[in-house]
Amino acid sequence: MLVLWPIHELEQEHSQYPGVMNLSAVLKANGFSSEVIPADEATILERAAAEERVVLAYSTPSALARTYTALNRRLKTRLPGAFSVFGGAHPTYFPEMIDEEGIDGVCVGEGEYALLDLVRAIDGGRSPRDLENWWIKEDGEIHRNPLRPLIDDLDELPLPDREAFTRAVKPSGLHAIVMTGRGCPYGCTYCYNHLYQKLYAGLGKLVRRRSVEHVLRELRLLKAEGTRFIRFMDDLFTLQPEWVAEFAPRYATEIGLPFSCLVRANFVSEKVVADLKQAGCHRIMMGVEAGNQRLRNEVLKRRMSDDEILEAARIVRAAGIKLVTANILALPGGTLDDDWQTVDLNIRLRASYASASILQPFPGTEIHDIAESMGLLRDDHVAALSDGGFGFTSILHVADPVQARRVVNLHKFFPLLVWMPWLKPLVRQLIKLPPNRLFNMIYMACVNIGVHFISVPPTIGRSLLAKKIGRRFAPRGRARPAPVAVAGP
Ligand code: B12
Ligand code: SF4
């Protein structure tokens with residue numbers, strides 16, 4: 001019995017999925033085999049041929065849902081005995097995806113024990129149709145089961161199975177994505193957390209953190225393997241300042257690698273930033289999202305003022321930590337002027353790099369419903385979001401197409417404008433042109449500078465960039481990692 005995890009663009013440095021690592025670790029700790037594999041039909045068929053029973057397990061955000069469901073459909077015609085399951089952000093928001101041909105099960109919410117139950121059932125020849133967290137399709141009928149409570153103590157989980165990824169992609173990563181906890185108590189309308197709060201109401205505490213020692217165990221291994229930079233991707237790293245105060249001195253002495261993390265402006269204080277600095281924090285990412293306070297607080301429900309944002313930015317900058325901001329353009333009810341206001345606020349707070357995306361209203365989020373109630377959603381929006389919708393254009397219907405085009409263009413100049421505000425008059429004219437490849441190239445150049453020379457120390461960024469360019473120009477055969485066998489214990 002083998003669980004195979006097809007991963008899109010597995011060879012990319014950022015293709016490190018903590019969710020899959022956790023699930024794989026639990027499977028292996030319970031004696032099952034689990035392997036990460038490139039999402040390539042021929043490679044998967046070859047690997048599956050050697051096994052008697054295979055579970056195809058896909059972890060998918062909305063942006064890749066179509067890619068994975070199409071791959072799964074093709075695989076299922078060749079491997080009719082395989083059981084195929086989907087989990088992650090998209091299936092949790094949108095379990096109705098089970099209607100797609102070829103999908104046998106969809107996991108809603110946390111998957112560690114749900115997947116273990118399912119694999120045990122299949123291995124034992126039993127039907128998984130009544131298992132908690134699962135929507136199961138059996139003989140054409142869909143069985144929708146309730147959720148089990150959230151895992152209370154994250155320390156009970158084994159360390160993430162990072163090996164599944166590092167064995168598949170050689171050499172191992174320069175930087176590692178690490179999660180020290182789960183959950184965020186806020187309810188921003190574009191984020192998945194408010195949905196989680198609704199789904200899990202009465203089923204345990206949403207915000208949980210691994211103990212400092214549990215996290216350090218993982219980090220010691222990463223350091224020993226040669227990792228040079230840690231990306232903590234927790235939604236709100238400073239949510240428990242006392243955790244940071246305990247973690248920082250130990251991290252500084254036991255690990256000492258530069259790192260980045262994410263914060264909210266109202267969880268930035270002189271003390272917590274001093275702790276982060278002491279630990280070696282290189283970059284902090286903070287959501288600004290919208291310059292217009294009405295959009296920020298009524299449409300996005302960020303619950304924060306300009307002053308809070310500006311003060312937090314001042315504290316981060318004063319500590320000598322790079323400040324990267326996150327922003328969203330093309331909001332429902334917003335105008336081009338509002339998006340210029342977002343540019344201006346980022347200029348005022350002097351972001352080291354201002355990243356911006358165009359709103360992607362994922363199904364299941366409140367902003368999706370807001371956009372729907374304003375009549376802004378196209379009928380095919382789920383498909384559009386699931387079709388590589390990585391935020392280059394807006395999928396919203398906007399009454400004024402000229403404005404919409406200008407917003408799409410403004411997005412391409414966003415980071416540049418924050419670095420060089422004197423370009424504003426020129427950019428005001430340029431964005432009147434039709435969207436074009438040159439604007440996209442300018443944008444990608446800025447993203448590469450932001451990602452490789454600001455968000456990480458330049459020495460590490462240069463190596464990351466060199467690897468990326470190397471992969472881009474490598475012959476196709478070499479760019480794809482060979483399948484590897486990673487057996488259970
Ligand atoms: C780390 C992270 C990344 C990393 C790793 C991606 C990954 N897939 O893990 C990187 C930097 C690559 C990344 C990129 C992107 N991300 Co991201 N990312 C996150 C983040 C902050 C943490 C994910 C995580 O590790 N959580 C902890 C683990 C334990 O939870 P989990 O991944 O959800 O997995 C659990 C369950 O979902 C379930 N599960 C997951 N997969 C499966 C599969 C099976 C078979 C089963 C049974 C269960 C199961 O079990 C897991 C364990 O309990 C989340 C927000 C969040 N806090 O979750 C956003 C999040 C997943 N990202 C998001 C987005 C939009 C993106 C991008 C599209 C951004 C972009 N514009 O490029 C890309 C997509 C790239 C990709 N291929 O995934 C959205 C997804 C929303 C959506 N509906 O799709 C999220 C939810 C943030 C948000 N805005 O709300 N991201
Ligand atoms: S603060 Fe960040 S993680 Fe928390 S709900 Fe808002 S966007 Fe999501």
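**Before you click**

This is a predicted model: local features need pLDDT of at least 70, side-chain atom pairs count only at pLDDT 80 or more, and totals for chains, interfaces and linings use all residues. Residues are numbered from 1 along each chain as its sequence is written, while chains are lettered from A and ligands numbered from 1 in the order in which they are written.

**Stop 1: the whole chain**

Start with the protein chain in cartoon and colour by secondary structure: there are 20 helices and 15 strands. Helices here are DSSP runs of H or I with at least four residues, strands are E runs of at least two, and both are numbered from the N terminus. The radius of gyration is 23 Å, close to the 23 Å from the globule rule for 489 residues, so the chain is as compact as a globular protein of that length. (That radius is taken over C-alpha atoms, and the rule is 2.2 Å times the number of residues to the power 0.38.) Draw a box along the principal axes and the C-alpha atoms fill roughly 65 × 55 × 55 Å.

Now colour by burial: 44% of the 489 residues are buried. Buried means 20 or more other C-beta atoms within 10 Å of a residue's own, exposed means 12 or fewer, and partly exposed is in between, with C-beta atoms placed from the backbone.

**Stop 2: two domains**

Select 2–144, then 170–471: these are domain 1 and domain 2, with bounds that come from an automatic or database domain assignment. Their C-alpha centres lie 29 Å apart. Where they touch, domain 1 brings 12 residues and domain 2 brings 23; contact means C-beta atoms, placed from the backbone, within 7 Å. On the domain 1 side, helix H3 (65–78) and H4 each supply at least two residues. That side divides into 6 nonpolar, 3 polar and 3 charged residues. For these classes, Ala, Val, Leu, Ile, Met, Phe, Trp, Tyr, Cys and Pro count as nonpolar, Asp, Glu, Lys and Arg as charged, and the others, Gly among them, as polar.

**Stop 3: the core**

Which residues have the most contacts inside the largest nonpolar core? Select Val 3, Leu 4 and Val 55; the core they belong to has 133 residues. A nonpolar core is a set of buried Ala, Val, Leu, Ile, Met, Phe, Trp, Tyr and Cys residues joined through C-beta atoms within 7 Å. Helix H16 (residues 401–419) gives the largest share, 7 residues. Both domain 1 and domain 2 give residues to this core, so it lies between them.

Zoom in on Val 55. Leaving aside neighbours within four places in sequence, Val 55 is in contact with Val 3, Ala 82, Phe 83, Val 85, Val 119 and Ile 122.

**Stop 4: ligand 1**

Select ligand 1 and the 38 residues around it; Gly 19, Ser 59, Pro 61, Gly 87 and Gly 111 come nearest. Here a residue is near if its C-beta atom, placed from the backbone, lies within 6 Å. The elements giving two or more residues to this shell are helix H1 (18–29), strand E3 (54–59), strand E4 (83–87), helix H4 (89–93) and helix H5 (112–123).

**Stop 5: ligand 2**

Move to ligand 2, where the surrounding residues include Cys 184, Cys 188, Cys 191, Asp 235 and Arg 264. This shell divides into 5 nonpolar, 3 polar and 2 charged residues.

**Stop 6: single residues**

Go to Glu 9, in the loop between strand E1 (2–7) and H1. Phi is near 50 degrees at Glu 9, a positive value in a residue other than glycine. Next is Asp 139, in the loop between strand E6 (134–138) and strand E7 (141–144). Asp 139 also isn't a glycine, yet has a positive phi of about 50 degrees. Is Asp 139 buried or exposed? Asp 139 counts as exposed, with 6 C-beta neighbours inside 10 Å.

Finish at Arg 209, in strand E10 (residues 208–209). Show Thr 180, Gly 181, Gln 240 and Trp 243 too: Arg 209 touches them, not counting residues up to four places away in sequence.

Terms used
Two residues are in contact if their C-beta atoms, placed from the backbone, lie within 7 Å.
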